[in-house]
Amino acid sequence: MPFPSGEKKVLIVTGASRGIGAAVARLAAQDGYAVCVGYLGNSAAADAVVASIVDRGGVALAVQADVAVERDVVRLFGEVDASLGKLTALVNNAGILERQSRVEDMDAARIGRVFATNVIGSFICAREAVRRMSIRHGGAGGAIVNLSSRASRLGSPGEYVDYAASKAAIDTFTIGLAKEVAAEGIRVNAVSPGIIYTDIHASGGDPDRVDRMKDVVPMKRGGTADEVARAVLWLLSDDASYTTGASIDVAGGR
Ligand code: NAP
């Protein structure tokens, strides 16, 4: 049954059950978007994000999809077509890192998992978005924001060089896709967060990483998911109408 999104702008946020993605979904709903809250396995968290949006009069839909699985991505976009309507924007936010490790101790399976989610997942989601939004395909244009990381230029030695390299791929992907679709009504930009208070650090085996490292940040503190989300929302908005292929650091000066 279609949701009452009416003439609302329609946004897909991958990995929106927690952390930065959840903050983007909530802020976008306040800004008038009907929001698809993508998630991998934590349906309770995704449902809570949807409930918080609906309680404030917004429109949101939770959809489970592993971005590393192409048929899941195709299904997610199909569900949004059917339930929320014509796609306006995509935030490629779902991303993972694995336990802190040196490169000499990484195996191919680990590196493959990181690249499958962070890089291939972002490509396939962008592909589905371009097929819907490009004026070349009869669409009305739109905007894509990719979550990169300051790690793409810092390299994350001794922690996760695989993750950092996957985010460097996202930087290049952002520049290339931006140029490819610039004349087709689609802007493509990136946000590069520094160290932000979310669960991702626990999955690296270092839940207190932000507080441990905050003194290396010129502003002497970690960032919040909301601070990152505000940059994402600006890049999605018409205020950024002449900005494409760009990247904004949200990293306290680091
Ligand atoms: P997080 O708190 O760990 O949340 C990850 C989100 O991604 C969850 O919603 C999770 O869903 C979802 N997810 C994970 N794997 C997925 C997959 N294969 N398919 C679909 N969804 C998947 O992460 P975060 O810290 O908010 O990070 C968000 C983005 O910002 C990532 O791209 C990350 O690399 C980037 N970033 C974060 C920081 C930071 O310090 N936090 C810094 C730089 C860049 P479930 O809840 O269902 O598991």
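Guide: Glu70, Val73, Val74, Phe77, Gly78 and Asp81 in H3 meet their partners Ile124, Cys125, Arg127, Glu128, Ala129 and Arg132 in H4, where contact means heavy atoms within 4.5 Å. By class, 6 residues of the contact of H3 with H4 are nonpolar, 1 is polar and 5 are charged. Here Ala, Val, Leu, Ile, Met, Phe, Trp, Tyr, Cys and Pro count as nonpolar, Asp, Glu, Lys and Arg as charged, and the others, Gly among them, as polar.

This is a predicted model, in which local features need pLDDT of at least 70 and side-chain atom pairs count only at pLDDT 80 or more, while totals for chains, interfaces and linings use all residues. Residues are numbered from 1 along each chain as its sequence is written, and side-chain values use heavy atoms, with hydrogens and water left out.

Two packed helices are described by the angle between their axes and the distance between the axes. Axes are lines fitted to C-alpha atoms, for helices over the stretch in contact, and angles run from 0 to 180 degrees between N-to-C directions. Helices (H or I, at least four residues) are DSSP runs, numbered from the N terminus. For helix H3 (residues 70-83) and helix H4 (residues 108-133), the angle is about 35 degrees and the axes are 9 Å apart. H3 passes H4 in a right-handed crossing; a crossing is right-handed if the near helix is turned clockwise from the far one by less than a right angle, and left-handed if anticlockwise.

The next pair is helix H1 (residues 19-30) with helix H9 (residues 225-236), packed at an angle of about 55 degrees with axes 8 Å apart. That angle makes H1 oblique to H9, since angles under 35 degrees count as roughly parallel, over 145 as roughly antiparallel, 65 to 115 as roughly perpendicular and the rest as oblique. H1 passes H9 in a right-handed crossing. On H1, the contact involves Gly19, Ile20, Ala23, Val24, Leu27 and Ala28, and on H9, Ala225, Asp226, Val228, Ala229, Arg230, Val232 and Leu233. The contact of H1 with H9 has 10 nonpolar, 1 polar and 2 charged residues.

H1 also packs with helix H2 (residues 43-55), at an angle of about 15 degrees and with axes 10 Å apart. H1 and H2 are therefore roughly parallel to each other. Their crossing, too, is right-handed. Ala22, Ala25, Arg26 and Ala29 of H1 meet Val49, Ser52 and Ile53 of H2, giving 5 nonpolar, 1 polar and 1 charged residues.

How values were computed
Helix = DSSP H or I, 4+ residues; strand = E, 2+ residues; numbered from the N terminus.
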